[in-house]
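This report goes through one protein chain, from a single side chain to the fold as a whole and back to selected sites. The structure comes next.

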Amino acid sequence: MSRIPFPPEDRSLSAYTGWGRAHWEAAADGLLTAALRHAGPRHALIGLPGPRPSWSGARSDGLEGYARTFLMAAFRVAGAGGRDPLGLLDRYAEGLEAGTRTPVRPREPVADDPVSWPAVTDRGQAIVEAASIALALRLTRPWLWDRLPRTVRDRAADWLAGALHHTPVDNNWWLFQVAVGGFLAETGHHVRAAEEAVRRGLDRIERWYVGGGWYTDGRPRAFDHYNGWAFHLYPVLHAHLADDRRALDRYGSRLAEFLEQYAHTFGGDGAPLHQGRSLIYRFASAAALWAGALTGHSPLAPGATRRLASGALRYFLDREEVTADGLLTLGWFGPCPPMVQSYSGPASPYWASKGFLGLLLPPGHPVWTAAEEPAPVERADAVRPLAGPGWLLQSTAADGLVRVHNHGSDDQPADEDEVPADDPLYARLAYSTVTAPVFGKTADNHFALLADGQASERGRITPLGTGADWAASAHRPRIAGAELPEVHVTSLVFAAGALEVHAHLVTGAAVGTAVRHTGWAVAGDAVESSVTGAGARARVADRPPGAGHSPVTERPLVSEAVALHGFTAATVMTPEAGTAFGPVAAVPALTGTVTAAECLFVSVLRLSGADADEPAPPGVRVTVRRSAAGHRLVVHRPGGDRREAVIRAGAVTVTAGDS
């Protein structure tokens, strides 16, 4: 458990997590108290300890500590109607006055001036932090901003206005201008520029809206948690605070459509999906849930909203290493340097403050008074397409696991002349709530061609569609940034229960080319592995307990891969590095060889915490026939269920049983 002193559980109201509003207030108070111990002179910069600064430098990191904790304090105080027993707002008011006196270039040594904030610059981190400060000031305006001397208000407004006049990174950063502009327009500062910034930012994100509640983050296919904690949060919160009913209808309806899908991505242990960048923000994943309840644009029952949000918060705070010395660390559970992006510094994890948005809802709101309801994953097994990002969601109630098969998100740039390496947090075939990508060269959940000791990367993904229980995509494999000439891979997955059948059609590769399909990477302090015939298996028994110490999530976890067609051998790979879930990892893998100009490889994988002691997936078999139309694949699953598809280069047609 965390060192934060929490009140006793309330299992009568919160049967699944035991937590209610008092626990959220205690969490906020504990996290803030620990962070504020590191405030510098006049509370202007909060420089938290850490292994390294961000790429923006120590001064910027100190501003980040101020801004992100201020947002948490704002939710705490505004949600309490201005009551501030910890005296938080006085500290942040003092810091605002001191930090904006003489802004300096971001990388000027802090020791030369331990008070001043960085000046706002093009694509500078101060643009990000200005948004949190503006939002916090907007929420606490009666108790902080309106009580400041006019000279301080004008000077602070001038610093904030820098975010309106400098160029943001061309992605979710445009919404930081919306947050700053909304506040300044409301207070009568830089009104024309502020209103234009709001319009400009909201117009900009339209080009990234793909429908169905999904935005891509600047690049053509970059889907991740920013969809919830940025693209939905800022527009609906601005519309709510501005009482702009037209905007709220527009963005609120999108949010509701997103939440109907997003709610299914949380595991039974409270875990959010481990996919995409900035995962150190952890329970910021709850922000969109609260935003729906706050604005009245949620398809979820109040008790289901609280169950998901409290589950996410408790999933992390139940693990003591998350808050060593009371501070959020740069990692998932404890410190985990390999998963941290270079733009992050010691205070970056406090974007998790967005997860406390729910405190704006009064104690009498149904989201706090209704009995908790089960999360979607706990109700029944489910397989459902998420068409926007090109994902197929697969969840199982018995173990509370959620898996997302990725046939649409790659985070590749629009410029085809750029050929960045695959990002493990975007390019894998699948992600889950209990696994994470392997650190290092070994690629889990990946189909590769092998040449000269190197495994091909996936590169740009071309989505080929999703259906009731399937998803498909195509890609041009590449090695060292260069596409393999004339080689294409077309991939299809069928999912049911805990089973997933994968098919990969390789066209254009030389006969004799080796291929490899890796499965789920399970990790812990120790992992068992075995190989039997056509299958490989890895098992971890030392899983950490879930939120509320759910017995379901304390069971062993198994990852299996079994060859069905084309593959000729099985093995278990043991990477030198682990994952965010543990220092020791194991990855089942299947290997084979290209035998013709068009060669199909089929396998069945399983990730399960409910039947980890049972043998390899039983009863799945396939038949493959070649015709003029392509490769006809028939999958026979347990219980007599049958699925059919025709696969050819760059195209998949699912025929039997598709809804």
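## R403 and its surroundings

The side chain of R403 reaches the backbone oxygen of L401, at a distance of 3.4 Å. The model is a predicted one, and all values here are computed from it. R403 is part of strand β5, which spans residues 401-406. Its relative accessible area is 0%, so R403 counts as buried, the limit being under 20%.

Beyond its neighbours within four places in sequence, R403 has contacts with several stretches of the chain. Among the partners are L392, L393, Q394, S395 and T396. Others include Y431 and S432, A498 and E500, W520, and L607 with S608.

## Overall dimensions

The protein chain contains 14 helices and 26 strands. Along the principal axes, its C-alpha atoms fill a box of roughly 80 × 55 × 45 Å. A compact globule of 659 residues would have a radius of gyration near 26 Å; the value for this chain is 25 Å, and therefore agrees with that expectation.

Of the 659 residues, 63% are buried. The chain exposes about 22,500 Å², and carbon and sulfur atoms supply 52% of that area. Taking contacts between residues at least 6 apart in sequence, 68% of them join residues at least 24 apart.

## Nonpolar cores

The largest nonpolar core comprises 154 residues. Within this core, Y92, I133, L160 and F356 have the most contacts. Not counting residues up to four places away in sequence, F356 touches W24, A27, A28, L31, M72, F75, F283 and L313. Apart from that core lies another, of 31 residues, which includes L429, A563, A570 and L605.

## Cysteines

How many disulfides does the structure hold? The number is zero.

## Helix α10

Helix α10 covers residues 287-295 and is mostly covered, with nine of its nine residues buried. These are A287, A288, L289, W290, A291, G292, A293, L294 and T295.

Against which helices do the buried residues of α10 pack? The partners are α1 (21-36), α8 (226-242), α9 (245-262), α11 (302-317) and α12 (366-369). After α10 comes G296, which has a positive phi near 75°.

R123 is a residue other than glycine with a positive phi, near 55°. R123 sits in the loop between α3 (88-99) and α4 (125-139).

A480 is not a glycine either, yet has a positive phi of about 55°. The loop that holds A480 runs between β11 (478-479) and β12 (482-483). Is A480 buried or exposed? With a relative accessible area of 73%, over the 50% limit, A480 is exposed.

R153 belongs to helix α5, residues 150-165. R153 and E97 are 56 residues apart along the chain, and their C-alpha atoms are separated by 8.4 Å. Leaving aside neighbours within four places in sequence, R153 is in contact with W145, D146, L148 and H189.

D203 is located in helix α7, residues 191-206. Its relative accessibility of 43% makes D203 partly exposed. D203 and W174, which are 29 residues apart in sequence, have a C-alpha to C-alpha distance of 9.4 Å.

## The segment before α1

S14 is found in the segment before α1. Its relative accessible area is 1%, and S14 is therefore classed as buried, that is, under 20%. Apart from neighbours within four places in sequence, S14 has contacts with W19, G20, R306 and E372.

How values were computed:
Residues are numbered from 1 along each chain as its sequence is written. This is a predicted model: local features need pLDDT of at least 70, side-chain atom pairs count only at pLDDT 80 or more; totals for chains, interfaces and linings use all residues. Side-chain values use heavy atoms; hydrogens and water are left out. Helices (H or I, at least four residues) and strands (E, at least two) are DSSP runs, numbered from the N terminus. Contact means heavy atoms within 4.5 Å. A disulfide is a pair of cysteine sulfur atoms within 2.5 Å. A nonpolar core is a set of buried Ala, Val, Leu, Ile, Met, Phe, Trp, Tyr and Cys residues joined through side-chain atoms within 4.5 Å. Buried means under 20% relative accessible area, exposed over 50%, partly exposed in between (1.4 Å probe, protein chains only). A polar contact is a pair of N or O atoms within 3.5 Å; within protein, one must be able to donate a hydrogen and the other to accept it, and residues adjacent in sequence count only if both atoms are side-chain atoms. The radius of gyration is taken over C-alpha atoms; the globule rule is 2.2 Å times the number of residues to the power 0.38. Accessible areas come from the Shrake-Rupley method with a 1.4 Å probe; for residues, only the protein chains shown count as cover.
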